[in-house]
Amino acid sequence: MANNTPPKPTKSPEEVKKALSGLIEKRDEVEEFSAYYAQTTIDNIGKSDAYVYFIKNKEGIVSDLRFVVNYIGTAQINTRWIKINADGQIFEINHADNLIQKSFSYTTVQEVYDSDVYLDDLKMIKAMANAEKTIVRCIGGGLYQEDIVLSKRQKQAMQKVLSAYKNAGGENELYGDEL
């Protein structure tokens with residue numbers, strides 16, 4: 001017989017509140033959850049960025065660690081692959097086009113890759129966040145590609161979100177000791 005009881009938070013409400021302090025909460029009152037981002041992510045609205053965020057549901061469960069690459073520019077890339085160079089370590093996200101959402105206006109193109117974080121992704125994100133130089137390349141069909149060079153603040157934001165996720169008791173069965 002399967003155990004159908006919902007999971008319980010692994011940290012007290014006080015511990016979760018302390019872990020989430022300093023992050024920006026974006027509340028969804030219809031679905032009753034909150035997404036947590038670093039301040040740098042909010043500062044970069046309207047600019048190309050790579051970042052992580054996570055969800056806290058109405059029961060207080062912290063889960064759904066996510067990785068986002070957000071290209072904003074004037075030329076449509078039709079991103080199919082993402083290649084990341086973190087101090088010479090190369091990571092590739094193949095078939096990214098299956099997870100890309102696109103929007104267009106008269107002068108601006110936006111292509112957003114938003115994916116669950118698995119163990120290999122977590123290793124990549126940590127390498128990106130700890131690197132001196134991190135370049136995220138969005139590669140489309142043909143000749144189109146665009147690089148996003150992450151600033152020190154963007155990399156620190158990734159570290160801050162990962163730390164908050166861990167300290168708030170984020171679900172960890174996928175990550176083991178890596179988190």
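This is a predicted model: local features need pLDDT of at least 70, side-chain atom pairs count only at pLDDT 80 or more; totals for chains, interfaces and linings use all residues.

Me: Which residues of α3 are buried?

Reply: The buried ones are Asp121, Leu122, Met124, Ile125, Ala127, Met128 and Ala129.

Me: Let's take Met128. Why does it count as buried?

Reply: Because the relative accessibility of Met128 is 0%, and the cut-off for buried is under 20%.

Me: And what does Met128 touch, apart from residues up to four places away in sequence?

Reply: Quite a list: Ala50, Phe67, Ile84, Ala86, Thr134, Val136, Leu150, Lys155 and Met158. As for C-alpha distances, Met128 and Phe91 are 37 residues apart along the chain, with 9.6 Å between their C-alpha atoms.

Me: OK, switching to pockets. What's the volume of the largest pocket?

Reply: About 390 Å³. Its lining has 17 residues, and nearest the centre are Lys26, Tyr37, Ile45, Tyr51 and Asn70.

Me: Which helices and strands supply at least two residues each to that lining?

Reply: That would be α2 (39-43), β3 (49-57), β4 (62-73) and β8 (109-116).

Me: How does the lining of the largest pocket divide by class?

Reply: Eight nonpolar, six polar and three charged residues.

Me: What about the second largest pocket, how much space is in there?

Reply: About 150 Å³. Its lining includes Ser63, Asp64 and Leu65, then Asp116, Val117 and Tyr118, and also Tyr165.

Me: What does the Thr40 side chain make a polar contact with?

Reply: The side chain of Arg153, at 3.5 Å. Leaving out residues up to four places away in sequence, Thr40 touches Arg153 along with Asp49, Gln154 and Ala157.

Me: Now Ser34. Where is it?

Reply: Ser34 is in strand β2, residues 33-37. Ser34 counts as buried because its relative accessibility is 2%.

Me: Which side chain is the polar partner of the Ser34 side chain?

Reply: Arg27, with the two side chains making a polar contact at 3.5 Å. Setting aside neighbours within four places in sequence, Ser34 is in contact with Glu25, Lys26, Arg27, Phe54, Ile55 and Lys56.

Me: Last one, Asn98. Where does that lie?

Reply: In the loop between β6 (89-93) and β7 (100-104).

Me: And is Asn98 buried or exposed?

Reply: Exposed, because its relative accessible area is 63% and the cut-off for exposed is over 50%.

Me: How many residues in sequence separate Asn98 from Trp81?

Reply: Asn98 and Trp81 are 17 residues apart in sequence, and their C-alpha atoms are 9.9 Å apart in space.

Technical notes:
Residues are numbered from 1 along each chain as its sequence is written. Side-chain values use heavy atoms; hydrogens and water are left out. Buried means under 20% relative accessible area, exposed over 50%, partly exposed in between (1.4 Å probe, protein chains only). Helices (H or I, at least four residues) and strands (E, at least two) are DSSP runs, numbered from the N terminus. On a 1 Å grid over the protein atoms alone, a cavity is a set of points where a 1.4 Å probe fits but cannot get out, and a pocket is an open set with protein on both sides within 12 Å along at least five of seven lines; lining residues have an atom within 4 Å of a point. Grid points are joined across faces, edges and corners, and a volume is the space filled by probe spheres set on the points. Ala, Val, Leu, Ile, Met, Phe, Trp, Tyr, Cys and Pro count as nonpolar, Asp, Glu, Lys and Arg as charged, and the others, Gly among them, as polar. A polar contact is a pair of N or O atoms within 3.5 Å; within protein, one must be able to donate a hydrogen and the other to accept it, and residues adjacent in sequence count only if both atoms are side-chain atoms. Contact means heavy atoms within 4.5 Å.
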